[in-house]
Amino acid sequence: MVQKRVSKGDGEAITLLGYKYYHGDLGLTEDVSRAIELWTEAAELGSIDAQYQLGLTYYTGEGVEEDKSRGIHHWQQAAMEGHVMSRYNLGAVEYYNDGHYEVAVQHYMISAKMGHEKSLNGIKKMFMKGHANKAQYTEALLGYRDAVEEMKSPQREDAKRLGI
């Protein structure tokens, strides 16, 4: 089924196949180079998950030569399209590696307002260390609350209760 979608140029299916090659799942031999080829193709087709995975792979150097700037570039591309974890990772890089606190707050603020709890906690830690102000933390808290509230539905509550 995945191969059928891949042959039709489905970026998300190509991304999924890349994951399977990367981890050696579904009877496929672990092949990082093939995974990167697939993710690159999927990213060109607009898959933000593929952009994120390329960013993670290059930034950490897991299976490829580490290239932090290339990883950051892929995260930036995905973040501009609304990928929450890419935005969070950019905030973490700005905060922990570069000491650019204002830029880190901006990244965390965007992802917190998308309902990302780790981003909210990042701003909270920054506030406690004096790297973010009370207004920023309050704005992030309210944005996070609104996003979580907006995502609530009876179906999600049932799934949560069932542990899905």
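1. The buried residues of α8 (buried: under 20% relative accessible area with a 1.4 Å probe, protein chains only) are Ser-119, Leu-120, Gly-122, Ile-123 and Met-126. Viewed down the axis of α8, they fall within an arc of 155°, so they line one face of the helix; the arc is taken from the directions from the helix axis to the C-beta atoms.

2. This is a predicted model, in which local features need pLDDT of at least 70, side-chain atom pairs need 80 or more, and totals for chains, interfaces and linings use all residues. Residues are numbered from 1 along each chain as its sequence is written, and side-chain values use heavy atoms, without hydrogens and water.

3. Helix α8 covers residues 117–128 and has 12 residues; helices are DSSP runs (H or I, at least four residues) numbered from the N terminus. From first C-alpha to last, α8 reaches 16 Å, close to the expected 16 Å at 1.5 Å a residue, the expectation being 1.5 Å times one less than the number of residues.

4. The cover over the buried residues of α8 includes α6 (84–98), α7 (101–112) and α9, contact meaning heavy atoms within 4.5 Å. Just after α8, Gly-130 has a positive phi of about 85°.

5. The lining of the largest pocket consists of Val-148, Met-151, Lys-152, Arg-156, Glu-157 and Lys-160. A pocket is an open set of points on a 1 Å grid over the protein atoms alone, where a 1.4 Å probe fits, with protein on both sides within 12 Å along at least five of seven lines; lining residues have an atom within 4 Å of a point. Helices α9 (134–151) and α10 (154–162) each give two or more residues to this lining, and α10 gives the most, with three.

Methods. Buried means under 20% relative accessible area, exposed over 50%, partly exposed in between (1.4 Å probe, protein chains only).
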